[in-house]
Every structure is written in structure tokens, then in C-alpha cells.
Amino acid sequence: MALSESQIPPDAQHYLVCGTEDCEKNCQFYCNDCHQPMCEQCRDEHQKNKKTKNHEVVLYKLRKRQLPVEKCNIHPTKEIDLLCRECQIPVCSKCTGSKEHRGHLFTNLEIVFDEKVSIYNKEIANIRSYFEPTSQDLKKEIAEDVTEIKKIMEGVRTSMKAEAEAVKKLVDTVTSDKIEQVDKIEQSLLQTLNGQNQEIDDYINSLNDLIKTYYGYLSPSNIEQLTFALKSENLIIPSIPETSKPLPPVFTAGQYSKEDVAKLLGRITVPNTKLENRKIKPMETASTQLKPTGKQRKQDREKYDVKQTLSLSPSVTVPGVDDVLHISLGKSGRLWVSDDVGNLVQTDLQGNQLQKIQTSGRDEGYHTVTQDGDLIYTDKDNKVINRITPDNTITEFIKKGDWAPISIHSSHINGDLLVGMETNGEAKVTKYNKIGTEIQNIQRDNKGQVLYSYPRYITENINGDVCVSDYNKHAVLVVDKSGQHRFSYTGQGSGLGPYGICTDVLGHILVCDDISETVHFLDKDGQFLSLLLTSQQGVDYPLSVCVDDENNLWVGQLTNTVTVYKYLQ
């Protein structure tokens with residue numbers, strides 16, 4: 001469908017042809033006096049013509065829009081060419097003297113229209129340069145979310161099927177055990193009945209023997225037999241043996257419902273949290289922001305760089321602990337440190353003990369400091385998670401029932417809590433929001449296989465990945481924020497004995513290894529980059545690590561000293 005001239009975009013010159021009769025060249029220019037589009041050749045001829053050489057000829061997109069020619073209803077001989085500023089209506093020159101418009105201000109209608117055209121063109125440009133591209137970006141983001149949601153839901157379905165298979169196997173195992181129990185009961189009952197049957201057989205045999213004896217008494221062959229037969233006591237028949245009827249077991253059917261089975265297969269929950277609005281870049285940013293050059297992008301990547309030689313900063317000696325198995329950095333230059341016998345100590349940077357708690361924790365990352373400065377720590381013996389506020393008040397925060405919380409980490413992104421837990425040989429990672437509401441469980445990989453054995457240490461990367469140091473699995477296990485397994489890191493040839501783990505501002509993963517007695521340095525995708533903190537750097541058996549807001553690396557060892565290194569520059 002062809003567009004009218006009024007609908008054609010101001011920068012779409014190729015839609016129009018020259019307005020000169022019999023000329024079909026592309027229009028590039030416009031005569032504001034004649035209100036006629038024209039090509040370059042016709043423009044030159046127009047400006048050479050004596051009658052039109054003084055006309056204003058401009059680029060087509062800079063043209064003045066032609067007003068519709070219309071006669072005034074009140075003064076039919078006059079054309080409407082003015083705008084009454086007070087009444088905001090178009091009028092003719094003769095209307096200016098009428099009673100209705102006496103004393104009002106008037107402006108040339110063409111000038112007002114040109115001003116509005118300029119505004120509309122600017123808005124059209126804004127729509128094209130900002131609103132439409134930004135909306136298209138949102139569409140792409142929504143499409144990515146659609147893909148991600150489908151991936152997540154497929155993972156949920158896979159996990160449900162795997163859970164169902166696990167329950168089926170458990171049912172088969174329990175059924176087999178119970179059938180074995182029934183077999184044993186049956187064997188015992190039949191053994192009793194067979195014994196009774198044998199006893200009756202023996203009794204019948206004795207009766208037959210007695211009959212033979214009595215027949216012998218009927219025809220004695222000598223006086224001795226006759227004398228024996230005449231004795232009445234020899235005529236006693238033994239009593240029939242007493243036997244009891246068996247008491248078979250009774251099977252009582254289990255009392256269960258669809259809801260009970262549903263509980264066994266886990267549950268699907270939609271987090272009861274406020275939806276996060278998609279970010280819309282400000283218009284001024286969109287209109288002025290330039291794409292970075294290759295040099296700028298390189299500078300951005302090199303904003304931080306890992307030092308080839310780590311420089312030592314002042315260390316902190318922590319009283320009240322035997323060694324440093326985990327470090328949680330607090331605010332105002334304070335830190336929490338734990339050892340392998342349950343001592344949890346708060347100290348300042350001068351090594352002054354501020355608080356000490358006896359816990360059930362051992363060689364696990366069982367404490368973390370929240371965005372509000374509270375300490376959260378797990379109590380695996382009592383299966384609870386406790387909170388210590390800055391005023392040293394200890395409260396029970398989350399109670400876990402059958403699951404023992406082992407490790408914990410407070411997200412620097414949104415304040416959520418990541419908790420590694422285990423029960424009866426099973427393990428999982430559960431995510432809670434700030435107020436302790438459960439929002440996610442991570443237990444199996446994309447193929448329905450169990451992910452964790454003993455999630456000893458846990459942390460979160462800058463992209464939302466959940467990183468778990470699982471000593472029993474001899475691996476660092478990483479899932480994305482939706483719980484989908486991304487990769488597992490198992491060391492460099494000699495295996496991995498993972499302990500403390502942390503990430504940095506660039507998304508690197510740092511994990512202590514008690515086999516190589518160093519720190520393995522990985523990128524966010526699990527690719528090995530190098531070994532940090534080797535014995536050549538004076539580090540003795542690193543067991544815990546964390547990176548602070550100033551990119552200092554804090555390291556705990558088999559002593560009560562926390563060593564600090566300048567890490568990123």
C-alpha cells in the first residue's frame with residue numbers, strides 16, 4: 001500500500017519522485033515557496049529561472065510542511081492563516097478584528113506548524129533511536145528468559161522423574177525386605193506344623209506297634225505271655241499328642257494418600273518474592289553512549305589483573321583458635337574465624353578477641369556475615385541456623401528438621417542464604433531469602449544424578465553460580481542460579497582435596513587443596529589458570545580463603561594466623 005506524503009518519514013527520500021511534470025527522478029530537494037519536491041537537476045533549473053530564483057529550496061527532510069488551504073467559515077473570502085494564542089484555534093486575518101478575538105495575540109499559522117513539525121520530527125527520532133531499539137532489546141531479553149525458563153522447567157521435570165525413580169527403587173527395596181520377612185514367618189510356621197505332623201506320625205506308628213502287641217496277647221504261646229496279658233495295666237493306650245493351630249500373620253495395608261506420595265516426590269514452589277523489574281537504560285544514556293573501542297574494551301578487561309607475585313600485607317593473629325578453617329569478614333575491620341574443634345572467635349585487625357562461641361562446627365564453612373553485618377552460623381548437631389546481631393544477641397533463625405546444615409554463605413548480590421546440608425547419606429543445597437523463607441533446592445544434576453555428597457564449603461560467583469567444595473566428591477561442583485549443573489572441577493592430575501572456596505570481583509574461583517597444599521585459581525567456567533600461594537611464597541597448608549571489597553586475599557592455615565595478600569591490582 002502506497003504512503004501519502006504526510007505519512008512518509010522525513011529521512012525516507014527514496015519514497016518520492018520529483019514533482020516536476022514528466023520527471024521521474026528521485027526527489028532530494030523541496031521548494032518551500034512552491035511546495036514542490038524536486039530532483040537535483042530540476043532544483044538547478046528552478047534556481048536559474050528568473051521567476052523562481054529567489055525561492056527557498058532546501059533538502060527534502062528540512063522542508064516546510066504545506067498547510068491545508070481552507071476558507072474561513074465566517075469570512076468565506078479569506079483563507080485561514082493565523083492562530084489565536086488565547087483561543088488556540090486557527091482563524092483568518094479578518095477574524096482578528098471580531099469581538100470574540102479582540103485584544104488577543106495572533107501568530108502565523110505556518111510558523112506555529114513549523115515549530116510543531118520540528119518537535120514531532122525530534123520525537124520520531126527519539127522513538128527510532130531509543131524507544132524502539134530499547135523495546136527490541138527487551139524483546140530479546142524476554143526471549144532469553146523464555147529459553148531459560150524452558151531449560152529450568154526441563155531440569156525440574158528431570159529432577160522429578162529422578163526422584164520418582166528413587167522412590168520406586170526404595171519401594172522395591174522395602175517390598176523385597178517385607179517379602180523376605182513373610183518368607184521367614186512362613187518358614188517358621190511350616191516348621192512348627194511339620195513338627196506336629198511328625199509327632200502324629202510317630203504316635204500312629206506307636207499305635208500300630210501296640211496293636212501288634214495286643215494281637216500277641218490274644219494267642220499266648222506260653223504261661224509267661226498269658227500272665228502278662230492278664231495284667232490290666234498293660235491295656236493302657238497312650239493319649240493322642242496335643243497340637244495347636246498355627247497363628248498366621250495379618251497384613252495391615254499402609255495408610256497413605258496422594259498427598260503423602262506427593263511429599264515423597266518433593267514439592268514445586270514459586271518464590272514469594274517481589275518480581276524484579278527489567279532494567280531500562282535511561283534515554284540520555286542511550287542517546288549519548290558510544291560503543292567502546294577495542295582499546296577501551298582491553299582497558300576494561302585489564303582494570304584488574306592478578307599479580308604475578310603476591311605481596312604480603314600485615315597478618316592477624318587470632319586468639320582462642322588452634323587453626324583457621326574458615327574466615328568470615330565483617331564490617332568495621334572485624335572478622336570471624338573458626339577452627340576444627342568448634343571455636344568461633346570474633347577479632348579485630350589487631351588480634352583483640354571480641355567474642356567467642358562454642359559451636360558444633362568443625363572443618364566446614366559454617367558461618368557467614370550478611371549485608372546487614374549479622375553473623376549467621378549453622379549448628380549441625382541441633383539442626384538449626386542461628387543469627388548473631390551486631391549487639392551480640394543470638395537467636396534461632398531457621399530450624400531444619402531432619403537435615404543437618406553444614407556450610408553457609410550470604411549472597412553479596414541479593415542477600416540470599418545458600419546452605420549446604422546432609423541427612424542419612426543424602427546432601428543438597430538450599431537457598432533462603434533474607435527472612436529465612438526457602439526458595440530453592442538443588443540436589444540433582446541435569447540427568448537426575450545426585451550432585452553432592454558432603455557440601456563442606458559454599459560460595460556464590462558474580463554471575464549467580466553456586467560453587468560448592470565437596471571433599472567427599474573430591475571436586476568443586478558449580479551450578480547456575482537456576483540450579484542447572486554447569487561443570488565440576490577435579491584438579492590437575494593428582495586429584496583434588498577441596499577445602500575453603502571463594503570468588504573475586506572478576507568471577508575467578510579460588511579453592512584450597514590439601515593434596516597440593518596450594519590454592520587452585522580457576523576462571524568462572526572452571527578452566528584452570530594457575531596455582532596460588534605455594535610453599536615458595538611461605539604459605540603452609542592453606543585451608544580457607546576469602547577476598548574483601550578492596551581485593552585483598554585473606555588466607556587461613558594450620559596456625560592461628562590469618563595472612564593477608566595484595567591480590568588484584
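1. A quick definition before the cysteines: a disulfide here is a pair of cysteine sulfur atoms within 2.5 Å. By that cut-off the structure holds zero disulfides. Cys-84 and Cys-87 are the pair to look at: the sulfur of Cys-84 has its closest cysteine sulfur in Cys-87, 3.6 Å away, so the two are too far apart for a bond. Cys-84 is buried, at 0% relative accessible area, while Cys-87 counts as partly exposed at 34%. For those words, buried is under 20% relative accessible area, exposed is over 50%, and partly exposed lies in between, with a 1.4 Å probe and protein chains only.

2. Now the ground rules. This is a predicted model, where local features need pLDDT of at least 70 and side-chain atom pairs count only at pLDDT 80 or more, though totals for chains, interfaces and linings use all residues. Residues are numbered from 1 along each chain as its sequence is written, and side-chain values use heavy atoms, with hydrogens and water left out.

3. How far to trust it? pLDDT is the predictor's confidence in each residue, from 0 to 100. The chain averages 85, and 91% of the residues score at least 70. Helices (H or I, at least four residues) and strands (E, at least two) are DSSP runs, numbered from the N terminus.

4. pLDDT stays under 50 over residues 10–14, for which the model has eight contacts beyond four places in sequence. It also stays under 50 over residues 285–303, with five such contacts. Contact means heavy atoms within 4.5 Å. Where pLDDT is low, the predicted coordinates should not be read in detail.

5. On to the largest nonpolar core, which has 30 residues. Such a core is a set of buried Ala, Val, Leu, Ile, Met, Phe, Trp, Tyr and Cys residues joined through side-chain atoms within 4.5 Å. Leu-510, Leu-533, Leu-553 and Tyr-567 have the most contacts inside it. Elements giving two or more residues to this core include S22 (475–479), S25 (509–513) and S30 (561–568). The largest share, four residues, comes from S25.

6. What about the sheet? S20, S21, S22 and S23 form an open, antiparallel sheet in that order. Its edge strands are S20 (455–460) and S23, each pairing on one side only. The twist averages 20° from one strand to the next, with axes taken as lines fitted to C-alpha atoms (for helices over the stretch in contact) and angles running from 0 to 180 degrees between N-to-C directions. Five bridges join S20 to S21 (residues 466–470); two strands pair if DSSP finds at least two bridges between them. Ile-458 stands opposite Val-468 in S21.

7. Have a look at the backbone of two loop residues. His-474, in the loop between S21 and S22, has a phi near 55°, a positive value in a residue other than glycine. Glu-517, in the loop between S25 and S26, has a positive phi of about 55° although it is not a glycine. His-474 is partly exposed at 41% relative accessibility, and Glu-517 is partly exposed at 36%.

8. Not counting residues up to four places away in sequence, Thr-561 touches Ser-315, Val-316, Thr-317, Val-324, Val-555 and Gly-556.
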